[in-house]
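Welcome! Please take a moment to look over the sequence and the model below, and then we will walk through two parts of it together.

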Amino acid sequence: MRTTGLASDEIIALVDCNNFYVSCERVFNPKLDKIPVAVLSNNDGCMVSRSAEIKALGIPMGAPGFKWEAVVKKHGGVLLSSNYALYGDMSARVMEVLSMFSPELEIYSIDEAFLNLGGFRIRNLDQYAEKIRKTVKKWTGIPVSVGISKTKTLAKIANHFAKKVPAFHGSLNLLDDTRIEEALKRTPVGEIWGIGRQYDKFLQQHGIKTALELRDADEKFIDHYMTSVGHKTVLELKGYSCIGMDEAPAAKKGIVVSKSFSKQVTEKAELAEAVSTYITRAAEKLRSQKTVAGHLTVFLNTNRFKEGPQYNNSACTTLVPHTAYTPELIKTALELLEEVWLPGFEYKKAGVMFADIIAEDDVPLNYLETNYLDDKRKDLMGTVDHINRRLGRDTLFYASSGLKKEWEMRRAKLSPYYTTRWNDLPRVK
DNA sequence: TCTGGGGTCCTAGGACCC
DNA sequence: TCTGGGGTCCTAGGACCC
């Protein structure tokens, strides 16, 4: 990441999709408009995206679906299972539209992007922000908010007000010093990007309650009690850009695939199916960024919300040489499972993690004879990945992953795969 | 019945080397 | 008798993000 400490003439826009997952569902199902809608996490667990109507009912982020289902129904609303294939596809469309508005675009998450608007002349920033909003809405159906300021941290704050204050109609330009001060005064310190629960509590105790108070706090105090990250946050609030634009996302340094089961699992055979399935998914990610892993961890958890004996354990091993060859990874993972598994426990979650991830090309030469890149194995993986991409996930799969998958997560309220399956294309009447 | 799943970066402390 | 201290690498754990 590029880091500068100079007072900047940068102009940074943060574009953030409103209630992204809910908005994706609404694009394809207009009946969901104007009623309370929430999208649930894996296993239909917690609410991870809430419509304005859900928020108005006083239902907080992360609320367990089953606790609020009755309330939502009473108000004519619905809860939906998450459909990440759909959201990923919609995200790509939104980002493609955004890339037309700046030569420098950083995709920050599935529903957010930073645009550098500083490098070229824009006659009227407010109109430009409006144009971004309207174009994304028209071409993808997704409503977005636009916040503009001198640094990423300030752009986040601008975006927050753009969303929250109806008078701004979804965009706010926060470049003027007086307006910045006004906004910081109204921003609780815990809402700043980079200030989490721990820092929030600590700062409150020391009488720093707003973003303005943090910006103007004693520098010695900040340096003493906060890390370099906190220091950068304060500089960013002052208008010095410290968090540069990061255009090409770096290859992931760790890959985790872990999911809760739909039921308690006690049989080792079922855990082995889950572990095989997760390894398959994780290895696909590994190969898609042209990397190999040198470290593998397998872990098991019992249900922490349930009374009874708890057991959480993990086992790991190095992979010599680094690899991304699924059959071999499954074999190693199943050996690790033997180490972690204990009979007599009801397991609720399993996961696999790859670490020490390096580029395919960086595998030490002396391993070439045994490297998966060396022989037909890489071609085989390439073919499997290609077929699964074209014909759908798990068209080709590994026998160890099982067929019945009774443990697989629950998605009872799933909407159709509108964008990724022919059979689910919406019909025009 | 039902309580998410990914990630990043930073720091402290131990191991090891000279 | 003498067991310093600096550098580097690794790991675990904390804090944060969406």
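## The surface near DNA strand C

The surface near DNA strand C is made up of five nonpolar, four polar and four charged residues. Here Ala, Val, Leu, Ile, Met, Phe, Trp, Tyr, Cys and Pro count as nonpolar, Asp, Glu, Lys and Arg as charged, and the others, Gly among them, as polar. A residue is near the strand if one of its heavy atoms lies within 4 Å of it. This is a predicted model: local features need pLDDT of at least 70, side-chain atom pairs count only at pLDDT 80 or more, and totals for chains, interfaces and linings use all residues. Residues are numbered from 1 along each chain as its sequence is written, chains are lettered from A and ligands numbered from 1 in the order in which they are written, and side-chain values use heavy atoms, leaving out hydrogens and water.

Helix α8 gives the most to this surface, with three residues. Helices (H or I, at least four residues) and strands (E, at least two) are DSSP runs, numbered from the N terminus.

## Side chains at the DNA

A polar side-chain atom of Lys 156 lies 2.7 Å from a phosphate oxygen of DNA strand C. Sugar or linking oxygens of DNA strand C lie 3.1 Å from a polar side-chain atom of Asp 111 and 3.0 Å from a side-chain N or O atom of Glu 112.

## A four-stranded sheet

Elsewhere, four strands form an open antiparallel sheet in the order β9-β12-β10-β11. β9 and β11 are at the edges with a single partner strand each, so one side of each has no neighbour in the sheet. Strands pair if DSSP finds at least two bridges between them; β10 and β11 share eight.

Terms used: Polar contact = N/O pair within 3.5 Å; in protein donor to acceptor, adjacent residues only side chain to side chain.
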